[in-house]
Amino acid sequence: MISKPVFERPVLVSDFKKYIDDTSKMEFHFDFLNKNTLEETSVTVPYVHRWHPVYRDRVLARFYKLQEWWISQEQPPVTMMTLTTYQGPSERHSGDTSLEVKGHVVSIDESFKILQASWRKLYKVLRGRIIGKLFDYVLILENHVSGYPHMHVLLFCVLEDWQKERVVKLWCDKYQAGSREHGACFSDVHTEMRGEPMKTRDDINFIGFYLLKYMGKSFTEPGEMTKGQLIFSAYLWKRGYRQYTTSRNLSKIMKLDYVEDPAIQCVRVRLEGPSLDKEIYELPEGDYNELVQSACSKIKADLVRFGGIYESGI
């Protein structure tokens with residue numbers, strides 16, 4: 001008999017829901033001074049975190065830039081690598097494999113840690129011995145129905161059979177991160193045929209959208225998320241895991257363009273919300289980005305002080 005998905009840590013999910021509700025009522029107020037005209041301008045923006053529609057739009061814009069770069073490079077072939085770790089009882093997994101290898105059923109929290117640690121080790125071997133050089137990639141965390149995580153890593157290169165087999169052995173045998181059957185798999189993005197890289201214009205026209213489909217679940221409004229999506233998102237929030245990361249080169253390519261006017265100085269920042277005191281931060285003259293980051297650091301300290309609300313990457 002197949003067990004139902006395990007939905008654990010209801011307190012963690014309730015904390016996440018509270019975080020979403022509290023931050024939805026918060027706003028940043030920025031006061032700017034034009035040093036040439038001495039005119040002041042005030043701007044109010046919402047408290048943006050990765051479950052906010054503004055963040056979703058930023059991610060979409062970044063993947064548009066990835067798409068443009070990929071086309072400019074004449075659509076080089078890519079290979080999708082999926083990395084999965086052991087899971088607890090669910091609709092598809094009994095948890096028996098983790099009992100055999102780990103001696104216990106791997107929890108969701110442990111599953112995240114195994115994925116992160118094993119990927120760091122695998123990346124070093126890919127770069128040093130298997131691929132043998134720096135390579136571009138986009139890594140995305142996605143949840144199973146039960147809330148357990150797995151990784152999709154889009155490699156901007158072609159792996160030969162011996163390289164794929166080496167990855168499987170490392171992931172399953174040496175790192176003991178997942179089973180032989182489900183641990184490390186390679187697939188063609190277009191046809192979903194194991195082991196074949198996509199390499200023609202017909203295979204995929206919008207590589208950015210292809211990747212975004214794996215992040216789509218996290219873009220669901222928290223009130224409409226399934227239990228598994230809520231658990232997954234709660235762990236991303238509580239443990240500070242990033243849902244997607246890229247190689248350094250692609251990070252630069254996907255960086256959004258901002259236009260700055262040296263005459264405009266941010267002189268005051270305040271954060272307002274129903275559970276917060278009104279805090280005003282006077283900013284001395286200096287670099288705009290540095291000043292705003294400094295102010296946000298102080299604001300983060302207040303968020304911790306006033307109820308433990310915190311999200312990295314303000």
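Analyst: Buried residues account for 50% of the 314 residues in this chain, which is a predicted model. The chain exposes about 16,700 Å². Carbon and sulfur atoms supply 50% of that area. Nine helices and nine strands make up the secondary structure. Of the contacts between residues at least 6 apart in sequence, 67% join residues at least 24 apart.

Now the close look. Gln163 sits in helix α5, which spans residues 161-174. Is Gln163 buried or exposed? Its relative accessibility is 8%, so Gln163 counts as buried; the cut-off for buried is under 20%. A polar atom of the Gln163 side chain lies 2.6 Å from the backbone nitrogen of Glu160. Setting aside residues up to four places away in sequence, Gln163 touches Ile130, Ile131 and Val158.

Next, the nonpolar interior. In soluble globular proteins, nonpolar side chains tend to be buried together. Here the largest nonpolar core has 57 residues. Met81, Leu83, Trp119, Leu122, Leu126, Val153 and Trp171 have the most contacts inside it. Helix α4, residues 108-130, gives this core its largest share, ten residues. Apart from this core lies another, of 22 residues, including Val59, Trp69, Phe156 and Met254.

Beyond its neighbours within four places in sequence, Trp171 is in contact with residues including Leu83, Leu115, Trp119 and Leu122. Thr84, Ser118, Gln176, Ala177, Gly178, Gly183 and Ala184 are also among the contacts of Trp171.

Technical notes
Residues numbered from 1 in each chain as written. Predicted model: local features only at pLDDT ≥ 70, side-chain atom pairs only at ≥ 80, totals over all residues. Heavy atoms only, no water. Helix = DSSP H or I, 4+ residues; strand = E, 2+ residues; numbered from the N terminus. Buried < 20%, exposed > 50% of the residue type's maximum accessible area, 1.4 Å probe, protein only. Polar contact = N/O pair within 3.5 Å; in protein donor to acceptor, adjacent residues only side chain to side chain. Contact = heavy atoms within 4.5 Å. Areas by Shrake-Rupley, 256 points an atom, 1.4 Å probe, with all protein chains shown as cover. Core = buried A, V, L, I, M, F, W, Y, C linked by side-chain atoms within 4.5 Å.
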